[in-house]
Amino acid sequence: MLTYSAKAGAKERAVAQHIKTAFTKPADTKPYMSAKKVPGQTPGQPLHRTVNKTRKDDNRKAAVKQCKRYWGANYTHGGTRECDEYPFATTYEGAAEQDYDADAKMFNFSVKPIAEEDNGAGGNLLISFYAKNRVIDGMEDGFIVKIVS
């Protein structure tokens, strides 16, 4: 289980708050999708890591496209913000999932511009989690995300 902290002072707080909103109030996230239920909350619907560069790049491009759609081309505020996406770009369930799986629901992900430092801290925790838990590529290594506050 990957744990992020939403506590004040946590380096990854903005990432944790974004994921918590995607879990608890999906209708408040972008892109809008009425039946949104992002995976990674329960063992029955875990996330799965991908190491495929093309798929990760496609996930990031799909996420950035939505950040630009909702917050405009200058969503980065001069490079001080990044497009945070959940599920992560390094998962099969990322923003481009529907391009690879015809059964996947369109827009069943969340994006939000957050401070570059927060996004980096969240990414570092994810990379560390993969390494410590030997999460490799494929559907055999499912994992869930927990937000603590």
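## Contact between helices α1 and α4

In this predicted model, Arg13, Ala14 and Val15 of helix α1 are in contact with Asp118, Asn119 and Gly122 of helix α4. By residue class, this contact of α1 with α4 comprises two nonpolar, two polar and two charged residues.

Two packed helices are described by the angle between their axes and the distance between the axes. For α1 (residues 13–24) and α4 (residues 116–132), the axes approach to within 7 Å and cross at roughly 80 degrees. Angles of 65 to 115 degrees count as roughly perpendicular, and α1 and α4 are therefore roughly perpendicular to each other.

## The largest pocket

Rolling a probe the size of a water molecule over the atoms shows where empty space is left. The largest pocket has a volume of about 350 Å³. Its lining consists of 18 residues, and those closest to the centre are Arg60, Glu85, Ala89, Asn119 and Gly123. Two or more lining residues are given by each of α2 (53–71), β3 (81–86) and α4.

Helix α4 provides the largest share of this lining, namely six residues. In terms of class, the lining of the largest pocket divides into 10 nonpolar, four polar and four charged residues.

## The second largest pocket

The second largest pocket holds about 280 Å³ of space. Of the 17 residues that line this pocket, Ala62, Ala95, Ala96, Asp99 and Phe109 lie nearest its centre. Helices α2 and α3 (97–100) each contribute at least two residues to the lining.

The greatest contribution to the lining of the second largest pocket is that of α2, with five residues. This lining is made up of six nonpolar, four polar and seven charged residues. Helix α2 also gives two or more residues to the lining of the largest pocket.

## A salt bridge within helix α2

One salt bridge is counted in the model. It joins the side chains of aspartate 57 and lysine 53, with an N to O distance of 2.7 Å. Both aspartate 57 and lysine 53 belong to helix α2, where four residues, about one turn of the helix, separate their positions.

Conventions. Residues numbered from 1 in each chain as written. Predicted model: local features only at pLDDT ≥ 70, side-chain atom pairs only at ≥ 80, totals over all residues. Heavy atoms only, no water. Axes fitted to C-alpha atoms, helices over the stretch in contact; angles between N-to-C directions. Parallel < 35°, antiparallel > 145°, perpendicular 65-115°, else oblique. Contact = heavy atoms within 4.5 Å. Nonpolar A, V, L, I, M, F, W, Y, C, P; charged D, E, K, R; others polar. 1 Å grid on protein atoms, 1.4 Å probe; cavity = no way out; pocket = protein on both sides within 12 Å on 5 of 7 lines; lining within 4 Å. Points joined across faces, edges and corners; volume = space filled by probe spheres on them. Salt bridge = Lys/Arg side-chain N within 4 Å of Asp/Glu carboxyl O.
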